[in-house]
Amino acid sequence: MRTISISLGLLTAMVTSACLAELQDENILASLPAGFKIDFQQRNKTMLISEMVPVKQSVKNWTEMVTVQVFYGLKVTPDQFKAGIEKELATACPRAGSHPVAQGPESGYPSMVWLQNCPINKATGKPEITWFKAIQGNDSFYVVQVAFKAWPSKEQITQWMGYLKEVTVCDTRLPDRACAAPGAAQPQPQ
């Protein structure tokens, strides 16, 4: 299994869990789903973004997309971040809905998972269904999104919820937050 580790500005696709020993400080760990590729990455002084799509798709033409974002030094709660996303979505998709899925500490970090449903995105003319997982780290704020351009099947929802459950933040400076490779079920592109 390959793991994406975002370590204070460095996105590294790691091939084995042995590489986890090289992690330093606070990191987000999210597996690269089977059948997916990293198709876009960008970094600036405030944020790092990595977008993954099925191998035969691109960020310009996708049906499923996983996005990992690190907001360096951002000090907000998951609730505050969610409220900001909802405000932005209301402009892009006036009929959008937002539904909580789970909230509470994970590995000692405040986290939240929610679903946003946009019946018709004005920019694409297509529906967009997105699950968000937001984690409030000590150094940065971390977000993983799993998005679809059509309502996913029950099996896809189960697989991707398992994927989001495995996304974690760890900190090598804290002995109780060891960095271990996520063991998520690997969702298959449709």
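Buried means under 20% relative accessible area. In this predicted model, C93 has a relative accessible area of 1%, so C93 is buried. C118, with a relative accessible area of 2%, is buried by that cut-off too.

These two cysteines form a disulfide, with sulfur atoms 2.1 Å apart. One disulfide is present in the structure. The link of C93 and C118 is right-handed, with 105° about the S-S bond. Distant parts of the chain are linked by the pair. C93 sits in the loop between α1 (78–92) and β7 (97–106), while C118 belongs to strand β8 (residues 109–118). The two positions are 25 residues apart.

The largest pocket has a volume of about 470 Å³. Its lining comprises 21 residues, and the closest to the pocket centre are L89, E128, T130, F132 and Q145. Helix α1 contributes five residues, the largest share of the lining. At least two lining residues each come from β5 (47–54), β6 (64–72), α1, β8, β9 (128–136) and β10 (140–148). By class, 11 residues of the lining are nonpolar, seven are polar and three are charged.

The count of salt bridges comes to six. One of them joins the side chains of K37 and D39, at 3.7 Å from N to O. K37 is partly exposed, at 27% relative accessibility. D39 is likewise partly exposed, at 29%.

A further salt bridge pairs E86 with K82, where the closest N and O atoms are 2.8 Å apart. Both residues lie in helix α1. They are four residues apart, about one turn of the helix. E86 has 27% relative accessibility and counts as partly exposed. K82 has 15% relative accessibility; this value falls under the 20% limit, so K82 counts as buried.

D139 and R173 also form a salt bridge, their closest N and O atoms being 2.5 Å apart. D139 lies in the loop between β9 and β10, and R173 in the segment after β11 (168–171), so this pair ties together parts that are 34 residues apart in sequence. Both partners are partly exposed: D139 at 22% relative accessibility, R173 at 43%. The contact belongs to a network in which salt bridges that share partners join D25, D139, D171 and R173.

Definitions and conventions: Residues are numbered from 1 along each chain as its sequence is written. This is a predicted model: local features need pLDDT of at least 70, side-chain atom pairs count only at pLDDT 80 or more; totals for chains, interfaces and linings use all residues. Side-chain values use heavy atoms; hydrogens and water are left out. A disulfide is a pair of cysteine sulfur atoms within 2.5 Å. Buried means under 20% relative accessible area, exposed over 50%, partly exposed in between (1.4 Å probe, protein chains only). On a 1 Å grid over the protein atoms alone, a cavity is a set of points where a 1.4 Å probe fits but cannot get out, and a pocket is an open set with protein on both sides within 12 Å along at least five of seven lines; lining residues have an atom within 4 Å of a point. Grid points are joined across faces, edges and corners, and a volume is the space filled by probe spheres set on the points. Ala, Val, Leu, Ile, Met, Phe, Trp, Tyr, Cys and Pro count as nonpolar, Asp, Glu, Lys and Arg as charged, and the others, Gly among them, as polar. A salt bridge is a side-chain nitrogen of Lys or Arg within 4 Å of a carboxyl oxygen of Asp or Glu.
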